[in-house]
Amino acid sequence: MIVSHITLKNWRNFQVVDVPLGDRVFLVGPNASGKSNFLDAFRFLRDIAKAGGGLQRAVGDRGGLSKIRCLAARRYPDVEIDVTLSSSPDNGIKWRYAIGMKQQTRGARKPFLAYERVWQDANTILDRPDDEDRRDAERLTQTHLEQISANVDFREVARFLESVSYLHVVPQLIRHPRAFTGPGLPGDPFGRSLLERIGKTNDRTKRSRLKKIETALRIAVPQLKKLSYVVDSAEGGIPHLEAVYDHWRPQGAKQRESEFSDGTLRLVGLLWSLLEREAPLLLEEPELSLNAAIVRKLPALIHRMTRKNRRQVLISTHSAELLSDKGVGPDETLLLVPSPEGTTVRRASEYKDIRDLLEGGLSIGDVALPRIDPENMQQLLLFET
Ligand SMILES: Nc1ncnc2c1ncn2[C@@H]1O[C@H](COP(=O)(O)OP(=O)(O)OP(=O)(O)O)[C@@H](O)[C@H]1O
Ligand SMILES: [Mg+2]
């Protein structure tokens with residue numbers, strides 16, 4: 001299943017976002033245009049749906065509704081998120097989930113629901129506030145999404161949103177997980193527990209995934225011959241990744257993850273996550289620490305890794321190389337254009353001149369990136385279809 005459409009209102013630096021989404025989405029925009037904020041809307045729904053989560057916690061972790069609500073919005077409007085779920089981009093709508101949020105004006109100033117609605121196919125199956133909510137307003141401080149006893153009729157939506165994952169691999173954290181004390185972050189966004197996750201996977205799946213990763217890695221690191229997972233009993237069972245490199249020694253040289261390069265570690269983390277689950281994967285700037293030639297191959301690699309499980313991937317990027325792949329289409333590229341009234345988000349295919357230039361043989365990287373250059377942005381605001 002994928003999120004095939006998202007509408008946001010007054011979410012962080014967006015007043016309104018209303019865009020269709022496909023299997024692959026590239027978020028392109030200058031620094032501070034809202035790429036991470038856009039991804040955060042998906043994480044927010046996950047944080048509501050997950051075990052131990054919920055509306056209060058999801059809002060609290062973000063510093064309260066006043067931090068979430070768009071500063072460019074007039075007065076105190078609702079913050080709204082509305083997602084449509086489909087089995088594939090071309091298939092009909094399966095579910096739609098929408099919430100609007102407000103903040104209590106007195107007392108604990110808790111966030112509460114202005115509404116919560118769920119549709120299955122075209123039928124409304126939940127429409128709050130209902131009579132019970134009107135009798136007891138405190139009920140509106142919790143979504144039905146977060147409550148097992150209340151979401152029976154749309155459990156599939158809760159499970160799906162709960163399994164959204166976010167990845168922004170920090171090589172140092174994979175290399176030295178024990179050097180960073182304190183509890184890990186929920187969902188492990190920075191890859192700290194990558195080795196643990198690999199370890200928990202059953203042996204057959206683990207071997208088959210590592211084989212795929214090994215094949216893909218060889219493109220980036222040609223000397224790498226073999227990638228495997230080993231548990232060091234001498235160290236009391238600490239898991240490691242081990243790579244055999246081509247070397248002047250006849251047996252090749254073995255290295256463990258602490259000696260891998262930043263790029264190798266990021267690629268392993270990225271590729272493992274792509275193979276992992278079926279719900280959407282949010283990827284922050286996968287190009288970091290990778291050389292240009294590899295970055296150019298990332299879109300194809302992502303496609304190959306997700307082809308079978310048809311996993312939706314949303315990717316934030318600054319990289320001209322990544323977008324130089326002619327396979328990246330204008331329909332799957334979202335351009336984020338900041339303005340004092342908030343950032344607007346549009347598909348690259350909505351701009352006629354971009355369509356023309358692409359037809360002329362240029363890539364999204366060639367035509368879209370110069371447009372989001374802060375100096376040229378004014379032009380993009382003069383929107384022409
Ligand atoms: N509630 C809000 N209202 C308005 N703006 C906000 C709000 N919350 C965050 N912002 C602004 O959003 C911007 C950050 O956006 P974000 O981190 O999503 O950018 P980005 O596109 O991911 O940038 P980068 O490429 O640097 O990672 C900041 O300028 C921040 O001030
Ligand atoms: Mg960002």
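Modeller: What follows is a set of questions and answers about the model shown above.

Modeller: Residues are numbered from 1 along each chain as its sequence is written, while chains are lettered from A and ligands numbered from 1 in the order in which they are written. The model is predicted, and local features need pLDDT of at least 70, side-chain atom pairs count only at pLDDT 80 or more, and totals for chains, interfaces and linings use all residues.

Biologist: How many helices and strands does the secondary structure of the chain come to?

Modeller: Helices (H or I, at least four residues) and strands (E, at least two) are taken as DSSP runs and numbered from the N terminus. Counted in this way, the secondary structure of the chain comes to 13 helices and 15 strands.

Biologist: What is the radius of gyration of the chain?

Modeller: The radius is taken over C-alpha atoms, and the globule rule used for comparison is 2.2 Å times the number of residues to the power 0.38. For 385 residues that rule gives 21 Å, and the chain comes close to this value, so it is as compact as a globular protein of that length. The C-alpha atoms fill a box of roughly 75 × 55 × 35 Å along the principal axes. The radius of gyration itself is 22 Å.

Biologist: Which strands stand at the edges of the antiparallel sheet, each with a single partner strand?

Modeller: This open sheet has six strands in the order β2-β1-β4-β5-β6-β7, with antiparallel pairing, where two strands pair if DSSP finds at least two bridges between them. At its edges one side of each strand is left without a neighbour in the sheet, because each has a single partner, and these strands are β2 (14–20) and β7 (123–128).

Biologist: Which residues come nearest to ligand 1?

Modeller: A residue is near a molecule if its C-beta atom, placed from the backbone, lies within 6 Å of it, and 15 residues are found around ligand 1. By class, this shell has four nonpolar, seven polar and four charged residues, where Ala, Val, Leu, Ile, Met, Phe, Trp, Tyr, Cys and Pro count as nonpolar, Asp, Glu, Lys and Arg as charged, and the others, Gly among them, as polar. The largest share, three residues, comes from α1. The residues that come nearest are N13, N31, K35, S36 and N37.

Biologist: How many residues of strand β3 are buried?

Modeller: A residue is buried if 20 or more other C-beta atoms lie within 10 Å of its own, exposed if 12 or fewer, and partly exposed in between, with C-beta atoms placed from the backbone. Both faces of β3 are covered, with R24, F26 and V28 on one side and V25 and L27 on the other. The strand (residues 24–28) is largely enclosed by the rest of the structure, because the number of its buried residues is five of five.

Biologist: Which residue of β14 stands opposite L27?

Modeller: The open sheet with mixed pairing runs in the order β8-β12-β13-β3-β14-β15. Within it, β3 pairs in the parallel sense with β13 (residues 313–317) over five bridges, and L27 stands opposite S316 there. With β14 (residues 333–337) β3 also pairs in the parallel sense, over three bridges, and the residue opposite L27 in β14 is L334.

Biologist: Which residue takes a positive phi in the hairpin of β9 and β10?

Modeller: Strand β9 (residues 224–232) and strand β10 (residues 238–245) run antiparallel and are joined by eight bridges, with V230 standing opposite H240. The hairpin has five residues between the strands, and the one with a positive phi, near 85°, is G236.

Biologist: Is N151 partly exposed or buried?

Modeller: N151 lies in the loop between α4 (131–135) and α5 (155–162). Beyond its neighbours within four places in sequence, N151 is in contact with H144, L145 and A158. With 19 other C-beta atoms within 10 Å, N151 is partly exposed.

Terms used
Contact = placed C-beta atoms within 7 Å.
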